[in-house]
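Visitor: I would like to understand the words used for a protein model. Could you take me through some of them?

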Amino acid sequence: MKTILNVAVVTAGISTALLLSSCGNEAKNEGKNNESNEHSDSTAHSGEHTYACPMHTEVIGKETDKCPKCGMKLEHNDNAGKDNGKTYVMQFSSTPAQLEAGKEGMMSFTPKIKENENEQVPLDVHHEKKIHLIIVSNDLSYFEHIHPEFNSKGNYDIKILAKDKDFTAGNGKNETKFEHGGEYIAFADYNPTGGNHQLEKINLKVDGKTKPVVNYTKENRVSNVDGYKVELVPDDGVFLSGKGIHFDGKLSENGKVIDANTLENYLGAKAHMVVIGAEDKSYLHVHPEIENGNFHLHTTFDKPGIYRGWLQFQTNGKVHTAEFTLKVEEGKADSSEKHSDEHKH
Amino acid sequence: MRSAVQFLIYFVFVLIGPIAFAGGDHDHSAQPKGLAQPKTYFTSVSNSDKYELLLKYKHIETNEDAAMQLFVSEFNTNKPVDKADIKIICAEDKNIKFSVKQTDPGVYDVSGTFPDKRVYSLQVTINSALGADLMVLNGIETEKELPVEGENATEKKTFFENPWVMFGGGFLLALILIFIISKFKSKKVNSTFLIILTLFGTTPLPTQQLYAHGGEDHGDSNKNAGNNFSNAFEVPKETQFLFGVFTQRILIGDFNESTKLFGTVIPSSGGQATVNAAQSGKIVSLNVTVGQQVKQGQQLAVIDQNLDAASQVNIQAEKNNVDAEFEAAKKEYERIKTIQDIASKKDLSEAEARYQKAAENKKLYNSSGGTRIVLRSPIDGVVGNFTFSIGSTINSNEPIFTIVNLSKVYVEAQVFDKDADKVNNGVKYSVECINDNHKTADVKLLALAQSINPTNQSQRVLFEIENKDGKFKIGEFVNVMVFASGSKRQIAVPNSAISELNGKPIVFIKDAAEHYSLSYISAGESNGSYTVINKGVEEDERVVINGTYQMKMIYLNQ
């Protein structure tokens with residue numbers, strides 16, 4: 001009888017010990033697997049994450065913050081704001097060396113590192129392209145947003161078509177034309193891998209018959225393009241310099257309001273807006289958010305004066321460019337704090 | 001004293017526990033190892049608008065040849081990029097030479113020797129049919145150890161994670177049990193109770209295994225919970241290439257609304273003919289076989305008429321008359337011809353006319369076959385099935401042959417009133433076979449009916465199919481798709497992208513090179529090849545359109 005009892009007790013003891021220790025062991029294994037997964041992902045960071053504007057990497061903040069320059073949401077970027085000690089330049093060349101209006105040609109852009117000209121500079125894709133090239137005429141009456149393509153020689157090229165030639169993939173794709181001679185400015189917007197966002201201003205001179213210079217003095221906040229009407233409405237009624245300005249872009253077609261959410265994505269966003277100062281040719285690239293079915297834009301004008309703006313959006317596979325003339329009044333600094341508080345979304 | 005010895009025995013036995021446990025632990029820990037499949041390689045990924053590069057490497061020893069694998073695929077479609085011209089330089093050390101060799105389409109072996117222990121980045125110049133690109137693979141670390149199995153990386157442990165603490169607990173419990181039993185023993189418990197206790201003592205063994213299994217399941221669900229229920233899963237690039245997992249970027253596009261009609265293939269007018277025998281008779285010659293292609297007017301068969309005796313006599317008499325007249329006319333003509341110098345011109349021409357008439361009559365009589373009837377094909381086409389053979393007797397007006405011309409067939413569809421307008425205003429019509437949806441063709445609307453079938457209030461609509469290769473057979477059930485003229489701009493994905501899980505429609509989205517996620521969708525209308533997605537995917541996402549079934553299996557087996 002005692003033997004049975006002894007065996008029973010010993011078995012119970014062993015089993016209980018096994019049961020408990022195996023449970024614990026299970027938990028341990030699980031922890032280990034999770035750990036090894038994280039480890040192999042090699043994305044583990046220590047400490048706080050840095051959030052920066054995808055367009056203006058010098059703008060650093062918290063996850064929920066927005067860029068005061070362009071209104072974009074800050075994105076996770078641990079390299080942001082850190083200077084990698086390199087100075088980038090965008091080298092420009094063209095074939096023929098002197099471009100002529102209406103004639104065929106090619107523009108080539110090559111990103112370089114100063115004092116290390118032989119090194120190739122890889123670029124990050126931002127808004128689906130490696131280089132966004134904005135070409136405007138000196139009087140800001142002409143605007144084009146195009147994207148040079150990388151070629152095997154290491155340059156980013158864009159073809160210039162002769163006057164009578166048709167675009168192979170439609171306007172604003174990977175070709176351009178100069179119908180008039182004159183002075184142009186090309187803004188190359190790019191992001192070198194491992195470096196900060198860059199903007200290169202390149203002056204172009206195109207030979208040929210020039211167009212009469214347009215002098216923009218009158219404000220024009222309403223633009224009609226391809227049957228669409230876009231109206232810019234600043235929250236305070238006026239555009240003021242030196243502080244964060246919020247404004248809406250109201251879109252309608254034949255008098256019917258269009259919900260901007262229903263637009264097609266153009267280069268990964270519902271719309272893009274480029275604003276260039278008439279005087280100093282200062283450049284702002286703003287990405288609207290959608291609020292209550294309207295575009296909502298947020299930017300800062302450094303100086304008062306006349307600015308020209310182009311808002312691009314896409315419907316039915318076609319890109320529309322609405323153009324505006326904005327008059328920015330001298331703003332008082334004291335009201336800016338109050339204003340930006342009001343608009344913390 | 002005796003109880004002390006007893007205690008010692010218990011102690012020794014209980015000590016066996018850890019030995020048994022140690023063995024169990026070993027086997028046990030091996031199992032989750034296989035289940036969880038910890039990564040055995042490091043990765044570095046780079047994306048551009050054209051390419052997706054994925055570099056896989058294991059532990060890289062400095063100053064030794066490092067073997068790495070580079071997977072090159074199209075960014076939007078995930079298709080392997082074959083025969084790309086790839087040059088690699090190291091940004092940190094330009095002297096490192098890399099050799100690149102393609103082993104499989106899209107898979108390139110990369111080897112090079114890294115001199116230092118540090119993090120390297122590789123600049124990849126790639127050129128293929130897709131175009132040129134310059135990309136960077138970052139974060140390639142030499143002398144980095146892969147997580148080793150069995151190495152306990154977690155520093156902080158909760159008490160239950162320590163097997164020794166747990167064992168101690170078990171041991172204590174056993175002691176308490178001994179104590180209780182000895183208590184009971186002193187009260188002279190009966191044997192039934194002891195048996196119950198014995199049972200209690202032995203049962204934990206199987207229970208232990210059950211519990212352990214439960215623990216595993218728990219661990220898995222915890223892992224999923226760690227992924228925020230995102231339905232994300234990993235698919236190695238090799239597997240993606242093997243199963244042909246292709247993606248498509250979701251764009252808002254033109255989606256043509258369509259209406260589906262049910263129809264039946266019928267012969268076109270003039271596309272089918274029946275050959276009957278006008279008289280009863282016997283087939284004396286059969287010139288075609290079943291399935292033979294025949295031309296219009298081609299002789300199919302010859303029938304010998306069945307005639308009563310009187311008719312036969314008549315026919316024979318008639319034949320004799322014709323023959324006799326021919327012979328007589330011929331002789332008369334020849335006779336006058338020999339004397340034509342003296343015969344009058346009138347006689348000669350009369351004899352010639354009579355002879356010609358007799359010859360015509362004879363020819364006519366012979367060609368009519370007399371008692372024979374020749375059956376000819378009224379149209380170009382294929383001879384249908386028939387059961388007659390030479391010598392078969394046939395009745396008058398009995399159909400003998402069916403000649404079908406499938407090069408043009410009609411589809412008769414029933415249209416209800418609500419769809420009638422859509423059918424009338426459609427810009428494109430196509431048919432697909434109900435049993436084989438790869439059998440499709442474009443069709444032409446012939447006519448909408450002017451009247452409505454009173455029994456089911458439907459209209460009969462005719463469509464015409466150009467059926468040169470005879471794909472569609474008479475009597476086949478087909479679906480007719482009617483595409484509307486207006487198209488809506490919507491998010492639509494190919495039907496092959498959509499599969500089902502737990503009765504709900506799903507798609508798989510590619511999040512990163514080896515990361516996919518499952519997304520439940522709300523599917524809208526489908527036009528046969530594309531389905532509108534109302535909810536569940538966003539523009540610019542990459543959705544799996546090929547290898548969807550394999551993705552589902554991988555997801556379910558993870």
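Visitor: What is the bridge partner of Met273(A) in S20(A)?
Guide: The partner is Val286(A). This is a predicted model, so every value here is computed.

Visitor: What makes S19(A) and S20(A) a pair?
Guide: Two strands pair if there are at least two bridges between them. S19(A) and S20(A) have 4 bridges, so they pair, in the antiparallel sense.

Visitor: How many residues lie between the strands in the hairpin of S19(A) and S20(A)?
Guide: There are 5 residues between them. One of these strands' hairpin residues, Lys281(A), takes a positive phi near 55°.

Visitor: Which strand pairs with S19(A) over 7 bridges?
Guide: That is S23(A), again in the antiparallel sense. Val275(A) stands opposite Gly309(A) there.

Visitor: Why is S19(A) called largely enclosed?
Guide: Count its buried residues. Strand S19 (residues 271-277) of chain A has 7 of its 7 residues buried, so the rest of the structure largely encloses it. Both faces are covered. Ala271(A), Met273(A), Val275(A) and Gly277(A) are buried on one side. His272(A), Val274(A) and Ile276(A) are buried on the other.

Visitor: What is the order of the strands in the open sheet with S19 (chain A)?
Guide: The order is S16-S24-S23-S19-S20, with mixed pairing.

Visitor: What makes S16 and S20 of chain A edge strands?
Guide: Each pairs on one side only. They are strand S16 (239-240) and strand S20 (283-286).

Visitor: How many bridges join S23 to S24 in chain A?
Guide: There are 11, between strand S23 (residues 305-315) and strand S24 (residues 318-329), which run antiparallel. In S24(A), Lys327(A) is the bridge partner of Ile306(A).

Visitor: How do you know that S1 and S2 of chain A pair?
Guide: The cut-off is at least two bridges. Strand S1 (residues 51-52) and S2(A) are joined by 2, so they reach the cut-off and pair. Tyr51(A) stands opposite Gly61(A) in S2(A). The open sheet here has 3 strands in the order S2-S1-S3 (chain A), with antiparallel pairing. Its edge strands are S2 (60-61) and S3 (75-76).

Visitor: Why does Asn151(A) count as partly exposed?
Guide: Buried needs 20 or more C-beta neighbours within 10 Å, and exposed needs 12 or fewer. Asn151(A) has 14 inside 10 Å, so it counts as partly exposed.

Visitor: Where is Asn151(A) found?
Guide: In the loop between strand S9 (149-150) and strand S10 (156-160) of chain A. Leaving aside neighbours within four places in sequence, Asn151(A) is in contact with Asp157(A) and Ala132(B).

Visitor: Why are the buried residues of H9(B) said to line one face of the helix?
Guide: In helix H9 (residues 548-557) of chain B, the buried residues are Thr548(B), Met551(B) and Ile554(B). Seen down the axis of H9(B), the buried residues fall within an arc of 120°, so they line one face. An α-helix has 3.6 residues a turn, so residues three or four places apart point the same way.

Visitor: Which residues are exposed on the other side of H9(B)?
Guide: Tyr549(B), Met553(B), Leu556(B) and Asn557(B) are exposed there. The cover over the buried residues of H9(B) includes strand S26 (504-512) and strand S30 (542-546) of chain B.

Visitor: How many helices and strands are in each chain?
Guide: Chain A has 2 helices and 24 strands. Chain B has 9 helices and 30 strands.

Key
Residues numbered from 1 in each chain as written. Chains lettered and ligands numbered in written order. Predicted model: local features only at pLDDT ≥ 70, side-chain atom pairs only at ≥ 80, totals over all residues. Arc of directions from axis to C-beta. Contact = placed C-beta atoms within 7 Å.
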